[in-house]
Amino acid sequence: MSPKNVAVIGSGNWGSCIARICGHNVVNQENFNSEVRMWVFEEMVDGKKLTEIINTQHENVKYLPGIQLPTNVVANPDLVAVGEWADILVFVLPHQFLPRTCNTLKGHLKPGAYGVSLIKGVHVEEGKGMSLLSDLIRESLGIDCALLMGANLAPEVAQETYCEATIGSRDPAKALTTDDEVVVELCGALKNVVATGAGFCDGLGYGDNTKAAVIRLGLMEMIHFIKTFYKDRGVRDETFFESCGMADLVTTCYGGRNRKLAEAFVRTGKPITQLEEEMLNGQKLQGPLTAAEVYTMLNERGLVKRFPLMSAVHLICVGQVAPNKFIDELREHPEHM
């Protein structure tokens, strides 16, 4: 059997971090090609193409500065060429770009190609409702797809500090932890909404007691949301206590970018789009985007009042509710009744 080719689809801070790990892991492995290709959305940085910088300096100077990439990680701006080459495609890009990426890759993958999604978000399409991103990959590309989620902040993972992750797959032989893929994936999406709320708390000057309450209520809403919309997909309570669930929620509410920018949003009064440019080099926050998609589904089902935390996060992000009203929105939470 010929060695498998591994490609990373995405090159932000998390994508570059994962490409670094893949690059190290394939070396001296007879089952894998020693080269890892990373699809990069081409852009200019200080007058040079980002792909050229990565391939000569072995560093993503824009999205993961200060972290060296292995020399066997090769940046490529041609998505179709990367897809045609790959046996294993590791998807690590902002969730709003996944439909377009799949449309480009459609019809250009090898027979037997396999996907792994590290993307945190949901897909909502008008008239069709909500779908899992892994299902979108499966249905668009005709391939199977596993998941990896967990308490994994990219800068810490890139520095090789100890952490855990949860792998989910429909195929138990490929799952190191669980086949409860719905909870694995949706916890990764919904925790960003809760973390945005935690950032509002920090920006408003509340202490740890209030933040702990927000995290607990957020977890309860996550559990109820998943059981409401995916009750027939084998949801299990114990999965919420894996790294993909509680651990990822806690670390994101204390150390993630959604918390950090939400705090700045409250303290500075600047629009989220401006803060993304100033603090993330233009990368998009997933919390506000996911909150909007969640709110769409809740509104369609008449469930906004049942999920006051996630609903309030969306309404604050779009300017319909003032940030200083956030805690008031939670005082009569259904979990308190």
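The structure is a predicted model, in which local features need pLDDT of at least 70 and side-chain atom pairs count only at pLDDT 80 or more, whereas totals for chains, interfaces and linings use all residues. Residues are numbered from 1 along each chain as its sequence is written, and side-chain values use heavy atoms, with hydrogens and water left out.

**C-terminal annotation**

An unreviewed UniProt entry places the feature "domain: Glycerol-3-phosphate dehydrogenase NAD-dependent C-terminal" at residues 180-327. UniProt positions are given here in the numbering of this model, feature names are shortened, and annotations may be inferred rather than shown by experiment. Across residues 180-327 the chain is 72% helix and 0% strand, with the end C-alpha atoms 33 Å apart. Helices (H or I, at least four residues) and strands (E, at least two) are DSSP runs, numbered from the N terminus.

**Nonpolar cores**

A nonpolar core is a set of buried Ala, Val, Leu, Ile, Met, Phe, Trp, Tyr and Cys residues joined through side-chain atoms within 4.5 Å. Buried means under 20% relative accessible area, exposed over 50%, and partly exposed in between, with a 1.4 Å probe and protein chains only. The largest such core holds 54 residues, of which F200, F225, I226, L309, M310, V313 and F326 touch the most other members. At least two residues of this core come from each of α7 (181-204), α8 (208-229), α9 (243-255), α10 (257-268), α11 (272-280), α12 (286-301) and α13 (308-317). The greatest contribution is that of α7, with 12 residues. Domain 1 (4-143) and domain 2 (183-332) each provide at least three residues to this core; these bounds come from an automatic or database domain assignment.

Leaving aside residues up to four places away in sequence, F200 touches A262, F265, V266, V313, I316, C317 and F326, where contact means heavy atoms within 4.5 Å. Another core, of 30 residues, lies apart from the one described above and has L50, Y114, V157 and A158 among its members.

**Helix α4**

In α4 (residues 98-105), L98, T101, C102 and L105 are buried. They lie on the same side of α4 because they cover an arc of only 100° around the axis, the arc being that of the directions from the helix axis to the C-beta atoms. R100 and N103, on the other side of α4, are exposed. The packing partners of the buried α4 residues are β1 (4-9), β2 (32-39), α3 (79-85), β6 (88-91) and α5 (133-141). G107 follows α4 and has a positive phi, near 85°.

**Salt bridges**

A salt bridge is a side-chain nitrogen of Lys or Arg within 4 Å of a carboxyl oxygen of Asp or Glu. The whole structure contains 23 of them, and the table presents examples.

| Pair | N to O distance |
|---|---|
| E125 and K128 | 3.7 Å |
| D248 and K191 | 3.7 Å |
| K270 and E278 | 3.0 Å |

By contrast, E125 is partly exposed at 35% relative accessibility, and K128 is exposed, with a relative accessible area of 65%. K270 is partly exposed at 29% relative accessibility, as is E278, with a relative accessible area of 45%. Salt bridges that share partners also join D135, R138, D144, E181 and R233 into one network.
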